[in-house]
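Subject: Structure handover

Hello,

I am passing on the structure we talked about. My notes follow below it.

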Amino acid sequence: MKRTTPSHFRPPFGSINSSRSYWLTRFLILRLLGIVYAVAFLVAINQIVPLIGSHGLLPVEIYLDRVRTGLGSGLAGFLRLPSLFWFIHSDTALLVIAWLGFLLSIVLIAGFANAPLMTILWFFYMSFVHIGQEWYGYGWEIQLLETGFLAIFLCPLIEMKPFPKRAPPFVIIVLFRWLIFRIMMGSGLIKFRGDEIWRNGTALYYHFETQPLPGPLSSWFHFLPKSILRAGVLFNWLAELVAPIFVFWPRMLRHFAGVIIILFQFTIILSGNLSFLNWLTIVPAIACLDDDFWKKILPQNLVQKAKEAQSRAVPSRGITIGTWIVACLIILLSVQPAFNLLSSRQIMNTSYDPFELVNTYGAFGSVGEKRFNIIFEGTDHSNPLDTFGWKPYAYKSLPVSLDQMPPQIAPYQLRLDWQMWFAAMSSPEDYPWVYNLIWKLLNNDPNAVGLFASNPFPQIAPTYIRATLYQYSFAKPGNPKHNWWQRQRLGTWIAPLSIRDSSLTQFLKSEGWLR
């Protein structure tokens, strides 16, 4: 007897009109992730050699020698710090992997992805993160690794098409929601626990001015009425503490959560330069929104392709088993990050496994009320005590000139600028590589000088370099000089140094930076 299908039956992989359909969702997740990967590898192409190359500020060879001493040089060491550069780390190798990663990212953006391609991208970028030292010590680096790992299992094993015949595994969509839950909730809780000015609603009085790299609109945000800035803090709580609760709820509330989180990321994108963090955070937030949502706003030809792909979908027992194995692994690795969220001693941006598969996240747990800047200055005079003749090395993004509008840099990241923002709140002893940077500036090293916007000594190297500490603040709009900034000199951060300074050369030799 022929069995008929009940009219209310829904196919196990959903349809384009069903809340269980995620063909368009997968398409968007992979395309946006491809863009983030491309930017991340482009940053490596442009900056990895000056930062950790054989003659970089923190040479990778010296770092790996020290790591091998602690972890061992064999397989055990590699498994505790997995990286391709464990075996070969010449400047050429660094650039080849960066370029290959960039080119494969372009393939992903074009719509072609499968598990091997996503695995290569993930492992290539992990290779940089694990030997990047403090230049790669930001939360979004491990967030990209966790996001990239999940994306491996969102794709078919072999087929490379924008809409392949394998349906998006629903369990992976759920794991993306678990990721966005931890990202947002971790950021919200670290703020609530970490700083009174977040709890009393005044954090945005300072954030736009004191954030690492302000953007073109940061000054406008800073001078908004305080009532609006306090409302902005409430919006922060809505996006980081309320919306994440609903990412696992039924469709309407889940869509509300996804939209709020994505809108929140766009406000941050407009108000500053937080590298690719906010674009990356949108990736798992997209998993809150199903095809029923996307078909209303995406081009109809794209929607039609998703419908056609869904109609040709072929279930795969192997993929189903594989994704459930991944889910079990993620559940086991989530125990410590989950306890960390509940802990009064919560820590942020930390991994509990060597492959960064499940991590803790958080951002701006405290907000500084003053902005400090370190400016490197050089002179070609023979007397470093002269008060004239000092020329600044302008950063590519950090403010130096008072009339310089903060540029739009993100999603690109200027890693030297970021580290100098942190250094300005500390002492040179906590950032010893700045002495290597000064030595390279004294020698007009092209790689080091290239990390700045320009070279004030293009013909002859300076005789002395010093580092001066300033306090910067936004100049009020409409000021007579039309300046973006005003500043006050606070003192010397590093006294003038020359290549003849024996204490400098001895320190560099002790660190292995000078031979």
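What percentage of the 515 residues of the chain count as buried? The value is 57%. Please keep in mind that this is a predicted model.

Overall form: the radius of gyration is 25 Å, which agrees with the value near 24 Å that a compact globule of 515 residues would have. The C-alpha trace spans about 100 × 60 × 45 Å along its principal axes. The chain holds 21 helices and 6 strands. Among contacts with a separation of 6 or more, 75% come from residues 24 or more positions apart.

Annotations: the unreviewed UniProt entry marks several spans as "transmembrane region", including 69–88, 256–276 and 321–342. Residues 69–88 are 45% helix and 0% strand, with 17 Å between the end C-alpha atoms. For residues 256–276 the figures are 76% helix, 0% strand and 24 Å. The unreviewed entry also assigns residues 357–492 to "domain: Lipase maturation factor 1/2 C-terminal". That stretch is 17% helix and 24% strand, and its end C-alpha atoms are 43 Å apart.

G322 has a relative accessible area of 26%, so it counts as partly exposed. The C-alpha atoms of G322 and F153 are 8.1 Å apart, although 169 residues separate the two in sequence.

Regards

Methods:
Residues numbered from 1 in each chain as written. Predicted model: local features only at pLDDT ≥ 70, side-chain atom pairs only at ≥ 80, totals over all residues. Heavy atoms only, no water. UniProt positions renumbered as here; feature names shortened; annotations may be inferred. Helix = DSSP H or I, 4+ residues; strand = E, 2+ residues; numbered from the N terminus. Buried < 20%, exposed > 50% of the residue type's maximum accessible area, 1.4 Å probe, protein only. Rg over C-alpha atoms; globule rule 2.2 N^0.38 Å. Contact = heavy atoms within 4.5 Å.
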